[in-house]
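Colleague: I am new to this structure and would like to go through it step by step. Please show it, and then I will ask about its parts.

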Amino acid sequence: MLSFLTAGSDFVTESLLKFAESTGIAGFFSSMGWGSVVMLGVACFLMYLAIRHKFEPLLLFTIAFGMLLTNLPGANLYHTELFAGGHVHWDIFVANAGLLDYLYLGVKLGIYPCLIFVGVGAMTDFGPLIANPKSFLLGAAAQIGIFVTFLGAFALGFSPAQAGSIGIIGGADGPTAIYLTSMLAPELLGPIAVAAYSYMALVPVIQPPIMRALTSEKERKIRMSTLRPVSKLERILFPLVIAVIISLLLPSAAPLIGCLMLGNLMKECGVVDRLSKTVQNELMNIVVIFLGLTVGATATAEAFLNVRTLGILVLGVLAFAMGTASGILLAKLMNCFCKEGNKINPLIGSAGVSAVPMAARVSQTEGQKADPGNYLLMHAMGPNVAGVVGSAVAAGILLSFLG
């Protein structure tokens, strides 16, 4: 009887110890437990910014929650070893994958960003760009920050692929940054996604000082002539022509540009309203949830808590600032060749960084501070939507050279 009780006691003790070791609480006392605690704090801070201050809440909220889930010890929702070396290790995938591993395939295979671009296209009005084709130049100029930052990151010791992924932050286009990074440097996806969406939310903070520093009060008061009406035929032909031309010149940009123009054609043709509303709402919302959760899942303690992450954050804001400055400076240069009365207000050049429509609203706000009767919003929307196209093209160029 005594031996039976002893054996039973040993069994209960062993079971309790095994249960204690299997809990997530025990994981906090492991060698990387401190890192998990820090990352949980970062996740809560980002969630605070999304909820309290409404910083890009649709994606920053889900990214923060994905970060929270992946850093809970023992949860086994995401496994970095399944995607080590930038490849999906199918031989061990099914046996080891967690929920977020399966959802992350949509990021790794480039599905989610392209689906979001369909929705973005359906919500975009290219009318101001069609009415003023010079806006294309301003949108292109704002992408200079991407390539300058690429060179800077490479000089600081990042690999070419990593430098290209860091540079794309300057395009201020979250889905494009995620798409390119997932292809070139998936190990940096978490920090780059957080940086890209944080800086997009900080457009009203980052851009105005640069805009005021590079323009005079006289330039900020420039009033631009009313944009001409754009016909329905032009609106229908535009996405078709752009999709064909860019895809032929730069096939690597075809997935993003093709999806963007597909969504826009759905909106402009007027015969598939149900599809257009679906991609703008239901499809967009579902994909944003999956994209945010899985991008956040890549922000593990090992990937996030290092000096390299701090470098990415610094380079990202520099890329954004240089993109803003490049658009403004090109507008000032173009004015040297414009007749009086047909000049461009340089403030709209800053909208070329994408971040639709926030960057255009900042141009409008800064313009009205100098002249309350000056309405720049529709003029700024031209470079703004040109920036969306420009950032996708920049991503395609980087992918062609570095992929």
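Modeller: One term is needed first: a residue is called buried when its relative accessible area is under 20%, exposed when it is over 50%, and partly exposed in between. Please keep in mind that this is a predicted model.

Colleague: Which residues of H16 are buried?

Modeller: Helix H16 covers residues 232-249. With the cut-off of under 20% relative accessible area, its buried residues are Phe238, Pro239, Ile242, Ala243 and Ile246.

Colleague: Which helices do the buried residues of H16 pack against?

Modeller: The buried residues of H16 include Phe238 and Ile246. The partners of this buried set are helix H8 (127-131), helix H9 (135-141), helix H17 (254-269) and helix H23 (377-402).

Colleague: How many Å apart are the end C-alpha atoms of helix H16?

Modeller: Helix H16 has 18 residues, and at 1.5 Å a residue they should span 26 Å. The model agrees with that expectation, as the end C-alpha atoms of H16 are apart by 26 Å.

Colleague: Does Ile245 count as buried or partly exposed, and what is its relative accessibility?

Modeller: Ile245 lies in helix H16. Ile245 also belongs to a nonpolar surface patch with Leu233, Leu237, Leu240, Val241 and Leu249, which together have about 580 Å² of accessible area. Ile245 counts as partly exposed because its relative accessibility is 44%.

Colleague: Which residue forms a salt bridge with Arg235?

Modeller: The whole structure holds nine salt bridges. In the one formed by Arg235, the closest N and O atoms are 2.6 Å apart, and the partner is Asp125.

Colleague: How many residues apart are Arg235 and Asp125?

Modeller: Arg235 is in helix H16, while Asp125 is in the loop between helix H7 (111-122) and H8. The pair links distant parts of the chain, and the separation is 110 residues.

Colleague: Why does the salt bridge of Arg212 and Glu366 tie together parts that lie apart in sequence, and how many residues apart are they?

Modeller: The side chains of Arg212 and Glu366 meet at 3.0 Å, N to O. Arg212 lies in helix H14 (residues 203-214) and Glu366 in helix H22 (residues 358-370), so the parts they tie together are apart in sequence by 154 residues.

Colleague: Which residue forms a salt bridge with Lys221?

Modeller: Lys221 counts as partly exposed, at 37% relative accessibility. In its salt bridge the closest N and O atoms are 3.4 Å apart, and the partner is Glu217.

Colleague: Which residues have the most contacts inside the largest nonpolar core?

Modeller: The largest nonpolar core has 117 residues. H23 gives the most to this core, with 11 residues. Leaving aside neighbours within four places in sequence, Met261 is in contact with Phe126, Phe238, Pro239, Ile242, Ala243 and Val389. The residues with the most contacts inside the core are Phe126 and Met261.

Colleague: Which helices are included in what covers the buried residues of H19?

Modeller: Helix H19 runs over residues 282-297. Its buried residues include Met284, Val287, Val288 and Leu291. What covers the buried residues of H19 includes helix H4 (57-70), helix H6 (99-108), H7, helix H12 (174-184), helix H13 (189-201) and helix H18 (273-280).

Colleague: Which residues is Gln162 in contact with, leaving aside its neighbours within four places in sequence?

Modeller: Gln162 lies in helix H11 (residues 160-167). Gln162 counts as buried, at 12% relative accessibility. Its contacts, with those neighbours left aside, are Ala185, Glu187, Leu188 and Arg308.

Colleague: To finish with the chain overall, what percentage of its residues count as buried?

Modeller: The protein chain has 23 helices and zero strands. Its C-alpha atoms fill a box of roughly 105 × 45 × 40 Å along the principal axes. Among contacts with a separation of 6 or more, residues 24 or more positions apart account for 75%. Of the 403 residues, the part that counts as buried is 52%.

Notes: Residues are numbered from 1 along each chain as its sequence is written. This is a predicted model: local features need pLDDT of at least 70, side-chain atom pairs count only at pLDDT 80 or more; totals for chains, interfaces and linings use all residues. Side-chain values use heavy atoms; hydrogens and water are left out. Helices (H or I, at least four residues) and strands (E, at least two) are DSSP runs, numbered from the N terminus. Buried means under 20% relative accessible area, exposed over 50%, partly exposed in between (1.4 Å probe, protein chains only). Contact means heavy atoms within 4.5 Å. The expected span of a helix is 1.5 Å times one less than its number of residues. Patches are made of residues with over 30% relative accessible area and no salt bridge: like charges are joined within 9 Å, nonpolar side chains (Val, Leu, Ile, Met, Phe, Trp, Tyr) within 5 Å. Accessible areas come from the Shrake-Rupley method with a 1.4 Å probe; for residues, only the protein chains shown count as cover. A salt bridge is a side-chain nitrogen of Lys or Arg within 4 Å of a carboxyl oxygen of Asp or Glu. A nonpolar core is a set of buried Ala, Val, Leu, Ile, Met, Phe, Trp, Tyr and Cys residues joined through side-chain atoms within 4.5 Å.
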